[in-house]
Amino acid sequence: MIDRRSLLAGAASLLVARPGQARVADTDTRVHVIDFSNAPFLDRDEVPNDIDGPNACTRPNHRFLDGLRENGIDTIIRYYSDQNNAGINCKNITRRERDLLHEHGFSVAMVYQYEGRSQNRYTGARAVQDAAFIEARAGVIGQPHGSAIYIGVDSDASLNTDAGVTEYFQVLNDVLGDRFEIGVYAAGARCRLLRDRLYARKGGDGRARPLATKFWVPEAPAWAGTLDFMNSGDWTFYQNKTDVAKSMLTADMGQPVVIDTDMLNPAAGNSIGAFNSDGTIRIYLPARLEAIHAARAWVTDLTAHVRDRPGGTPVSHACIARTVHVLERESEWALVDIDEDGIGEGYCRSADLAPFSRMPRYRSGCKQPKF
């Protein structure tokens, strides 16, 4: 019996896809960018809660990283964090990990996130402290100038904190903006605010720039402004699946890391500011970005049944304002991958799907059906 991993590895020879099989078209439509908050080491749960820790993360999980490469991943987003979260001993990237990721062929992008959901955290004074920390950590891992640093404002937008957020990003631009591109991971309303608000000091070319220039939108469709921002096309990339723990991207790979998957907006350019081992910025093929985008769809039904065959027995479900990877269409049905591992879980009605350029409004109430 052929296992799921073998099916995916041999996908290039498949002409017709069915549930449990992978399909590879002329252009690869698998996701190629992921992020994770822990680190790809086998001993990450055995170390003290320290940024580097003399014994922290010393046993690389080569099997996990090799599996990611085999499944099409080429870019990994990792974290700068003042302290490691409870249960995430190796959240803060080290030089050792950066070298490991590059050795496996990945480009690396960076996000700073610490207490991202704390109320009134984002102020000008705190930005001075955070910028100094980011500078120090960027120096430790050798993050090249010209690459991007995303700031995780990881909460729903709230109007009473917007003044602090703009002041915070003003200071970050003062300190870091001449060396790094400033991005944000935030709800659509905050992305819009920072895209439309200009940095007070003129850039070297005499033109004003936005307070943030790259926009990473979380998989939180109910957050303020996310619907409008996504449908405006101004986003850079979208975190379309979170907390993926059991899929072909993470299965049978030693002690795997829980990952999130991300997809780029081909209309926003061909880079997210990730850097390669030689310090150059990672550039993606526009044709691949467009193919990935075209193969994604939004679920428009509150709870869309995923069936073992067209019109068959439900085996899973997908919720409204969440994404699926459409592997194949057959008349009124679509074979869909719901966890972004390139494997079709089953069929849902094409009528329950919308193009990725038309995000539907989120509604609560989606529940696992009783089959």
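How many aromatic pairs does the count come to? In this predicted model, local features need pLDDT of at least 70, side-chain atom pairs count only at pLDDT 80 or more, and totals for chains, interfaces and linings use all residues. Residues are numbered from 1 along each chain as its sequence is written, and side-chain values use heavy atoms, with hydrogens and water left out.

The count comes to 13 aromatic pairs, where rings of Phe, Tyr and Trp (its six-membered ring) pair if their centres lie within 6.5 Å; planes under 30 degrees apart count as stacked, over 60 as edge-to-face and the rest as tilted. The pair of Trp235 and Phe356 is edge-to-face, because the ring centres are 5.8 Å apart and the planes stand at 65°. Trp235 is buried, at 2% relative accessibility, and Phe356 is buried too, with a relative accessible area of 3%; buried means under 20% relative accessible area, exposed over 50% and partly exposed in between (1.4 Å probe, protein chains only). Elsewhere, Tyr150, Tyr185, Trp216 and Phe237 make up one aromatic cluster.

Charges meet rings as well. The charged end of Arg121 sits over the ring of Tyr122, 5.1 Å from its centre, and Arg69 lies over the face of Phe106, at 5.7 Å from the ring centre. For a charge to sit over a ring, NZ of Lys or CZ of Arg must be within 6 Å of the ring centre and within 35 degrees of the ring normal.
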